[in-house]
2 protein chains.
Amino acid sequence: MLAIMARLKLAPILNSGARIGPGKVTLLESVRANGSISAAACAMGMDYKRAWILVDSLNRAFTMPVVERSAGGTGGGGASLTAFGEELLGRYRRLEAAAEELAADDIGTLEHQAMPDAGLKI
Amino acid sequence: MLAIMARLKLAPILNSGARIGPGKVTLLESVRANGSISAAACAMGMDYKRAWILVDSLNRAFTMPVVERSAGGTGGGGASLTAFGEELLGRYRRLEAAAEELAADDIGTLEHQAMPDAGLKI
């Protein structure tokens, strides 16, 4: 039997109101892969200001930072994930995978009742 | 031991792009409770046009409708959930509860590392 890979948008919301959703988490992965906030934003087709706001909101949501900026060498300053940033990222992706497994049967059933037509992304 | 009630925003996304998120599901519950789309929207502080668009997008996302409108009696036409609408609602809420249980430990740990400050709802 083929495993159905369910797509599930997941966003834990903390008591403070801080929300950890797929956009921020993907940005963290992009920072890790690209070594700076500006390169991360560029790789995602996101504007720098929005990327900076998202990183800043994550940094301020916790008692320790998620992303740290390093002083510039030849190529200007970079950014990388802190140990806590890695932990946050890992928790989110593991939780997402577990939730998608949990949801696979339900989503599979709904797919059978779904109209194939796209363009209804409301 | 107290169960931690995790808050988790959950939105299954079908292959068509149709998204079933908490806003639409809460609107379905409001339609059921209030008997019409306009009363449902009003009860949620949502404008009627947006409520109509959300209901329409759900109705068009599946091979059968989720909400059906009844011909008006004395008080004008109403709306109610179809059997499939009830099924969709039930699946979503059961899935949400199971995912929140799944996420409780992770969210509990993150709460311990969170700044209490709200106002960071980005």
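This chat goes over the aromatic pairs and the nonpolar core of a predicted model.

Student: How many aromatic pairs does a search of the whole structure find?
Tutor: Two, over all chains. One of them is F62(A) with F84(A), whose ring centres lie 5.0 Å apart.

Student: Stacked or edge-to-face, that pair?
Tutor: The planes are at 65°, so the pair is edge-to-face; the cut-off for that class is over 60 degrees.

Student: Which parts of chain A does the pair link?
Tutor: Distant ones: F62(A) sits in the loop between α3 (48-61) and β2 (67-73), and F84(A) belongs to helix α4 (residues 83-112), 22 residues apart.

Student: Is F62(A) buried or exposed?
Tutor: F62(A) is buried, at a relative accessible area of 3%. F84(A) counts as buried too, with 6% relative accessibility.

Student: And what about the rings of F62(B) and F84(B)?
Tutor: Their centres are 5.0 Å apart and their planes at 65°, so this pair is edge-to-face. F62(B) is in the loop between α3 (48-61) and β2 (67-73) of chain B and F84(B) in helix α4 (residues 83-112) of chain B, so the pair ties together parts 22 residues apart in sequence. Both F62(B) and F84(B) are buried.

Student: Switching topic: how many residues has the largest nonpolar core?
Tutor: It has 66 residues. Those with the most contacts inside it are I20, F62 and V67 of chain A, along with I20(B), F62(B) and V67(B).

Student: What does F62(B) touch?
Tutor: Leaving out residues up to four places away in sequence, F62(B) touches L110(A), Q113(A), A114(A) and M115(A), as well as L14(B), I20(B), F84(B) and L88(B).

Methods: Residues numbered from 1 in each chain as written. Chains lettered and ligands numbered in written order. Predicted model: local features only at pLDDT ≥ 70, side-chain atom pairs only at ≥ 80, totals over all residues. Heavy atoms only, no water. Phe/Tyr/Trp six-rings, centres within 6.5 Å; stacked < 30°, edge-to-face > 60°. Helix = DSSP H or I, 4+ residues; strand = E, 2+ residues; numbered from the N terminus. Buried < 20%, exposed > 50% of the residue type's maximum accessible area, 1.4 Å probe, protein only. Core = buried A, V, L, I, M, F, W, Y, C linked by side-chain atoms within 4.5 Å. Contact = heavy atoms within 4.5 Å.
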